[in-house]
Amino acid sequence: MIAKISGGTDTAGLIRYLFDTKRAKDHTDPHLVASWDGFAPDPGRSDDFDATRRLLVADLDLHVKQARRLGRAPEKHTWHCSIRAAETDRILNDEEWADIARRVVAATGIAPDGDPDGCRWVAVRHAPDHIHIAATKVRADLRTARHWNDYLTADRELAAVEKEYGLLQVVRGDRTAAKRPTRAEQEKARRAGQDKTAPERLRATVRTAVAAASSMDEFVHLLSHLDGVLVEVVHFPSGDVRGYKVALADDAEGPIWYSGSKLAPDLSFPKIQERLACMDSQPIGRPGRHKPDPWHQATAAAERIPHHLHQPDDQASQAHIAAFGEALDALPLLTPQDIRPQLRDAATAFERATRSRIRAEHHHARALRGAVRAMLRDPTPTNGAALAMFLDAAILVVIAAARWHLFRHHDQQVAAAHQTLIHLQAAYDQTATAPLAALAQRRPPQQTVDRHVRHLRQAAPDHVQQVIEDPAFGALTATLAQAEAAGHDPARLLQQAAEQRALDDAGSPARVLIWRIQRLSARPAPSARARAAQARSTVRASNAAQRPNTADDTAAAVPSPQPPPARRR
């Protein structure tokens, strides 16, 4: 069940709307299901509708008029709460809706249980799936009702109602979500032929600009040069920047301006400034060294996020999730046209998972942010394998983020992460098909395959059969053969790839190994001298492991006791 609460100044107008069946075509059989004393006049069941409606308004306004004579009536004296059941819920009868209405007005402080001086209220039902509670906020003792945080208390009561009545238990938030579009905004978008409202379109645009910018000046510059977006920077009298406003340039009714904080809590000017202040220049490689691939750097940073989310530092974890959200925001700018819709939907869905009540310490996530900015500045187009590699890591990040939010009871964020997985998986399947098929066509001879299987048994003995039966196994053997031809040791690559992440929860362990080996083999192959040193190190480690311990070995392994520090005199 969802509650919406608002205030107003016109009791008569509110009652007129609730009982209107001419202009509001979806209103059918409006009538009272409950009231403050159970005896309020019901226009929907009266032969003289207009007279009964006026009488009901007068009864509701009685204490408001008395308080107004004393100068104690609030300016907005009406309280309006609509309560809607889910589409999948059963149809509740009038008695059940009456009980729900009484519980909500009691929980919110409008009419507490056992309080004879509570406010006057009525519950009107004019549709099968919802009711409206109309109340005046002046009590019988002429004091104004104490209904602070009424939305939270009503939502908490409705959560209990859902359990008791066996209704759909709605996923609830922590007040960090972006505002839902209003009905007027939705109708306006529908008239304009848009599938998203103006705030939703602007929110996506601003998030993309944040993901691409490295400083506040660059952020404002990017926004001001985007087609279809108007930007206005707001200044203090001192000349310092106070904030920014954006609007759609194609609005037929003229531009409607939205500040960043109205679009989303993390898009306010101070929040963006705080995030970009943690950016620093990323190393691009030493002179004469191999220049790192930003896609590989971004993939490596993303692969480390699940590990970070298992650490006790929640502020750092929240920062990594937020940085990953920025990477998803930027991804449609870097990818082929055919998968951009899926990636945009993934970024839109994950936006809700990037925020919680936990404050992010953004300096912890510099690596991924820097790699994403480098990807945006690199004019070299990426191939399908690099994108598939990143999406494979991204899926694991979203799974880890969903688990992290679940343990902290962030229900909306968990649902957002699950929705993101659907879009990312679709984009990954579409992206990985071509490079995997190309690799499978270059499967090496069976003698080479058998040798790689032996290496696999050493690197991942618990997953050998699963990898061999994986449809991508042929592509894996081709990847190992390519790496070997480039001078890499396939056995060592397999060992490193298997150690970087457990394969227990991988849907396709062969694919996981492919992308990881491709990233590892993109580095320069070690020289002959380096390979010889690695071999000698491996032999020494193997001999040490097989040699039985002696008394001397044990004594050497135990550090000698240190003398106690001298006492101060």
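Predicted model: local features only at pLDDT ≥ 70, side-chain atom pairs only at ≥ 80, totals over all residues.
Visitor: Where do I start? How many helices and strands are there in the chain?

Guide: Begin with the elements. The chain has 22 helices and eight strands.

Visitor: What share of the residues counts as buried?

Guide: Of 569 residues, 46% count as buried.

Visitor: Which residues have the most contacts inside the largest nonpolar core?

Guide: First, the general idea. Nonpolar side chains tend to be buried together in soluble globular proteins. Now the case here. The largest nonpolar core has 78 residues. Phe324, Leu368, Leu424, Leu513 and Trp515 have the most contacts inside it. Helix H14, residues 384-407, gives the most to this core: 16 residues.

Visitor: What does Leu513 touch, leaving out residues up to four places away in sequence?

Guide: Its partners are Leu456, Val467, Leu476, Leu494, Ala497, Ala498 and Leu503.

Visitor: How do helices H16 and H19 pack?

Guide: Look at angle, distance and handedness. H16 spans residues 446-459 and H19 spans residues 490-500. Their angle is about 35°, and their axes lie 9 Å apart. The crossing is right-handed.

Visitor: Which residues of H16 and H19 meet?

Guide: H16 brings Arg451, His452, His455, Leu456, Gln458 and Ala459. H19 brings Pro490, Ala491, Leu494, Gln495 and Ala498. By class, that contact has six nonpolar, four polar and one charged residues.

Visitor: What share of the contacts with a separation of 6 or more joins residues 24 or more positions apart?

Guide: In this chain, 72% of them.

Note on methods:
Residues numbered from 1 in each chain as written. Heavy atoms only, no water. Helix = DSSP H or I, 4+ residues; strand = E, 2+ residues; numbered from the N terminus. Buried < 20%, exposed > 50% of the residue type's maximum accessible area, 1.4 Å probe, protein only. Contact = heavy atoms within 4.5 Å. Core = buried A, V, L, I, M, F, W, Y, C linked by side-chain atoms within 4.5 Å. Axes fitted to C-alpha atoms, helices over the stretch in contact; angles between N-to-C directions. Left-handed = near helix turned anticlockwise from the far one by under 90°. Nonpolar A, V, L, I, M, F, W, Y, C, P; charged D, E, K, R; others polar.
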